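Thanks, everyone; I would like to take a few minutes on two places in the structure that I have been looking at.

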Amino acid sequence: LTHKKSSKKSSNTVPVLWKCSMCTFDNHETMVYCEMCGVFRESFVKSGKDVSIKESVNGISNNSGTSALSNSDSTKMPAKTSTTNFDGDSERKYASTSHDKVNSTQLASVGSSSSTGKKKQPVIFDNNVPIERTTQLNADHFQLKEDQGSSRASSSAQNKGSMETLSSDISQLSIERNNVNVAQPLPEEYKPEGWMLADQESGVLSQLNLAIVGHVDSGKSTLSGRLLHLLGKISKRDMHKNEKEAKEKGKGSFAYAWAMDESTEERARGITMTVAVAYLETKKYRVVLLDSPGHKDFVPNLISGATQADAAILVVDASTGSFESGMDGEGGKSVGQTKEHAQLIRSFGVEQLIVAVNKMDAIGYSKDRLEFIKVRLGSFLRSCNFRDSAVTWIPLSAVENQNLIKSPSDARFTSWYQGSCLLDAIDSLQLPSRDVSKPLILPICDVIKSQSTGQLAAFGKLETGAIRNGSKVLVLPCEEVATVKTIERDSSSCSIARAGDNVAVILQGIDGSRIIPGGILCHPGFPVPVANYLELKIRVLDIAIPILIGYQVEFHIHHVKEAARVTKIVALLDKTGKPSKTAPRFLKSKQNAVVQVTLDQAVCVEEFSKCRALGRAFLRSSGSTIAVGIVTKIMRQDQH
Ligand code: GTP
Ligand code: MG
């Protein structure tokens with residue numbers, strides 16, 4: 001108990017005053033509905049006190065999520081392949097521009113079939129052979145190998161009898177673990193070791209994972225590239241090269257964006273397709289920038305990449321018509337990605353948002369336009385349960401370098417603006433509390449293997465716990481134990497990584513083909529369940545077609561996307577989270593419900609109440625996000 005509490009002691013944490021009956025999220029006392037899932041606080045619904053309380057909640061007046069998500073047309077479920085596919089377009093990109101000379105023939109992703117020549121983040125192994133990281137955040141490529149699937153199936157059969165019943169602290173759920181293909185641990189309390197809890201290494205800044213999201217062409221990559229350049233992360237030579245090549249290709253305005261958009265296709269199309277990762281330092285943080293694609297076809301890549309975010313910058317294009325497209329889609333007929341991304345990022349658990357109102361130069365640095373945007377977008381953000389006090393508005397121009405790392409200089413801007421610049425706003429973000437004292441959980445978003453040395457690096461953010469050189473880790477879903485050889489943060493080695501850190505873990509004692517993106521590194525004594533029968537509580541977004549039993553969906557969870565079917569609608573939930581007595585035959589927009597899903601292949605998953613990062617799920621269909629939810633129960637096949 002002491003350990004559980006200790007992770008919540010951070011001065012940044014919101015005082016815990018009531019726990020949501022639906023998703024267990026700890027809400028501030030002033031909230032009358034759950035910030036996480038929108039369910040009303042039971043006592044207030046019953047007592048009718050909600051009106052007075054609502055007024056005191058900083059203008060947050062309702063939870064009528066108005067988002068209808070767009071109908072993207074080309075997000076397809078991948079054809080099942082017998083190998084993990086690492087083709088080029090979906091590679092995760094690393095925007096650090098100082099390591100682009102690595103010979104790509106030395107490098108290989110696990111199962112890699114091609115290379116695009118993108119700049120990638122090298123990992124320096126012990127023998128100083130630099131290894132580029134060829135990660136993919138495109139969930140299409142996180143399909144498990146068929147042989148791995150079957151090995152799980154067979155071992156799950158062996159474990160049929162080994163069912164563990166735990167008593168959840170909410171709603172007395174009986175949680176039965178299924179398909180955990182490793183020795184079941186006794187349900188004893190985990191005791192962190194002293195080195196895990198030690199104070200931060202002196203002189204090392206805390207790591208902040210910052211997602212850059214927003215509608216297509218709002219200027220996310222330009223802003224990211226410009227920030228890197230201003231902070232000395234892009235050499236003069238590289239910048240000059242980008243400028244020259246962009247101009248030659250008639251894409252002069254994309255010179256800064258090219259620091260992030262590195263593949264030939266991205267550059268030719270002028271859009272980001274996969275999440276690019278770059279590193280910079282502020283006064284307070286080592287920031288991991290996750291520059292996301294804005295185009296609606298690449299929302300799955302955003303989900304897989306930006307799910308690691310601690311905070312986000314939502315970039316909006318202030319220019320006439322463009323802000324409106326970001327809100328209402330092209331032609332005002334659908335929903336733009338300004339809205340979809342804001343909703344998704346909130347569902348990832350991100351509470352703090354900087355809204356970068358970009359392209360102020362295009363509207364003559366108009367204060368009135370900024371105010372108009374603040375009112376319209378502000379009310380939408382409230383409907384997504386972003387607190388007003390956790391949203392910072394920063395007007396800027398990435399192209400004209402106004403208000404990025406210092407106060408603006410343009411007289412049209414300075415005449416009315418005295419607020420913070422973007423860099424100061426980043427430094428004002430608070431780190432979320434980190435669960436260092438829990439057993440290790442590191443969802444793997446990327447795996448690379450050095451062809452020359454055979455060494456393996458798994459990339460990802462530690463969600464809980466800590467590791468150090470020599471730690472034994474259980475690799476799932478393959479159920480093999482490996483040893484941490486070294487750890488790297490932004491290409492330099494470090495001896496310990498703790499919850500919140502985004503690192504490369506160089507492993508030994510395991511075959512490269514056994515580690516896959518979408519897998520997990522965890523504590524050998526505390527394995528994460530691997531399962532394909534799940535019960536979820538979901539909130540249905542705006543959908544055109546009702547959800548019926550048998551409905552085929554794409555199931556997204558941490559770095560995995562898996563084909564799934566809705567196999568049961570268990571109950572509707574009312575505003576208090578209370579289940580209906582009879583199950584509805586179908587679900588429609590804005591309903592909350594309990595459903596069961598069957599995944600084609602088992603994935604590493606955890607109940608939300610035990611690990612938020614492994615228990616947040618998204619259901620998508622025909623290119624749209626149709627529901628956001630949380631995993632409430634992991635089931636055996638015969639319970640389904
Ligand atoms: P996706 O990744 O495809 O969603 O686009 P993005 O949001 O990364 O936009 P990107 O950085 O690629 O920029 C799109 C276009 O907007 C480019 O032509 C940029 O030069 C332009 N742009 C970006 N920032 C500004 C700005 O501050 N002012 C003006 N006028 N144009 C800008
Ligand atoms: Mg971009």
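Before the first place, a word on terms: when I speak of a helix axis I mean a line fitted to C-alpha atoms over the stretch in contact, and angles are taken between N-to-C directions, from 0 to 180 degrees. Please also keep in mind that this is a predicted model.

With that in hand, helix H9, residues 299-306, packs against helix H11, residues 337-347, at an angle of about 30 degrees, and their axes are 11 Å apart. Angles under 35 degrees count as roughly parallel, and therefore H9 and H11 are roughly parallel to each other. The crossing of H9 past H11 is right-handed.

How many of the residues of H9 are buried? The count is 8 of 8, and the elements covering them include, besides H11, strands E9, E11, E27, E31 and E32.

Ser 221 belongs to helix H6, whereas Thr 272 sits in the loop between helix H8 and strand E10, so the pair ties together parts that are 51 residues apart in sequence. Ser 221 is buried, with a relative accessible area of 7%, and Thr 272, at 8% relative accessibility, is buried as well.

Note on methods
Residues are numbered from 1 along each chain as its sequence is written. Chains are lettered from A and ligands numbered from 1 in the order in which they are written. This is a predicted model: local features need pLDDT of at least 70, side-chain atom pairs count only at pLDDT 80 or more; totals for chains, interfaces and linings use all residues. Side-chain values use heavy atoms; hydrogens and water are left out. Helices (H or I, at least four residues) and strands (E, at least two) are DSSP runs, numbered from the N terminus. Buried means under 20% relative accessible area, exposed over 50%, partly exposed in between (1.4 Å probe, protein chains only). Angles under 35 degrees count as roughly parallel, over 145 as roughly antiparallel, 65 to 115 as roughly perpendicular and the rest as oblique. A crossing is left-handed if the near helix is turned anticlockwise from the far one by less than a right angle, and right-handed if clockwise. Contact means heavy atoms within 4.5 Å.
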